[in-house]
Amino acid sequence: MGGESVAKMSYRHKFMAYILNKEFEYRQTDIAKLMNVSQSTIATCIKEITYRLQFEDLEKDLEDARKILQNQNLKPEPPQLNIESLKK
C-alpha cells in the first residue's frame, strides 16, 4: 500500500481512522485504502488512539475529526466493493 508509517500520520488522521472504524464501522482494510496506508498501519493507529482515550481527555480532538468527516459527506456505513469492476 502507501509508504506512510504510523509515525508519519498526523493525529487528525489517526482520529479519523479511529472514528471510521469504531463509530462508522468501516473495515480497517477500507480505511487503509482511503488513507493510502497499510491495514497494519491503521490497526496500530486505532490501538494508539484507544490507548490514549483511556488516559487523556481527547473528546475535543475526536469532535474536530467528526466534523471534518461530516463535511466530506462520509456516512456511517462501510463502502461496498463492486467485484465485477475489479475483474476488468
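A nonpolar core is a set of buried Ala, Val, Leu, Ile, Met, Phe, Trp, Tyr and Cys residues joined through side-chain atoms within 4.5 Å. In the predicted model described here, the largest such core has 22 residues, and Ile19, Ile31, Met35 and Ile42 are the members that touch the most others. Two or more residues are given to this core by each of helix 1 (11–22), helix 2 (28–35), helix 3 (39–55) and helix 4 (59–71). Helix 1 supplies the largest share, with six residues.

The overall architecture of the protein chain consists of five helices and zero strands, and the order of elements from the N terminus is α-α-α-α-α. The chain has 88 residues, of which 32% count as buried. Its accessible surface is about 6,100 Å², and carbon and sulfur atoms account for 49% of that area. Among contacts with a separation of 6 or more, 74% are made by residues 24 or more positions apart.

Helix 2 contains four buried residues named Asp30, Ile31, Ala32 and Met35. The cover over the buried residues of this helix includes helix 1 and helix 3. Ile31, which is also one of the core members with the most contacts to other members, is in contact with Ala17, Leu20, Asn21, Tyr26 and Ile42 when neighbours within four places in sequence are left aside.

The packing of helix 2 against helix 3 was examined next. Two packed helices are described by the angle between their axes and the distance between the axes. For helix 2 and helix 3, the axes come within 8 Å and cross at roughly 105°. An angle of 65 to 115 degrees counts as roughly perpendicular, and the two helices are therefore roughly perpendicular to each other. On the side of helix 2, the contact is formed by Gln28, Thr29, Ile31, Ala32 and Met35, while helix 3 contributes Gln39, Ile42, Ala43 and Ile46. The residues of this contact comprise six nonpolar, three polar and no charged.

The segment that joins these two helices was also considered. Asn36 follows helix 2 and has a positive phi, near 60°. Ser38 is located in the loop between helix 2 and helix 3. With a relative accessible area of 24%, Ser38 is partly exposed, because residues count as buried under 20% and as exposed over 50%. The C-alpha atoms of Ser38 and Gln28 lie 9.0 Å apart, with a separation of ten residues in sequence.

Not counting residues up to four places away in sequence, Ile49 touches Tyr11, Lys14, Phe15 and Tyr18. For Tyr18, the separation along the chain is 31 residues, whereas the C-alpha atoms of Ile49 and Tyr18 are 6.9 Å apart. Arg52 likewise lies in helix 3. The relative accessibility of Arg52 is 16%, and Arg52 therefore counts as buried, the cut-off being under 20%. Beyond its neighbours within four places in sequence, Arg52 is in contact with Tyr11, Phe15 and Leu58.

Definitions and conventions. Residues numbered from 1 in each chain as written. Predicted model: local features only at pLDDT ≥ 70, side-chain atom pairs only at ≥ 80, totals over all residues. Heavy atoms only, no water. Buried < 20%, exposed > 50% of the residue type's maximum accessible area, 1.4 Å probe, protein only. Contact = heavy atoms within 4.5 Å. Axes fitted to C-alpha atoms, helices over the stretch in contact; angles between N-to-C directions. Parallel < 35°, antiparallel > 145°, perpendicular 65-115°, else oblique. Nonpolar A, V, L, I, M, F, W, Y, C, P; charged D, E, K, R; others polar. Areas by Shrake-Rupley, 256 points an atom, 1.4 Å probe, with all protein chains shown as cover.
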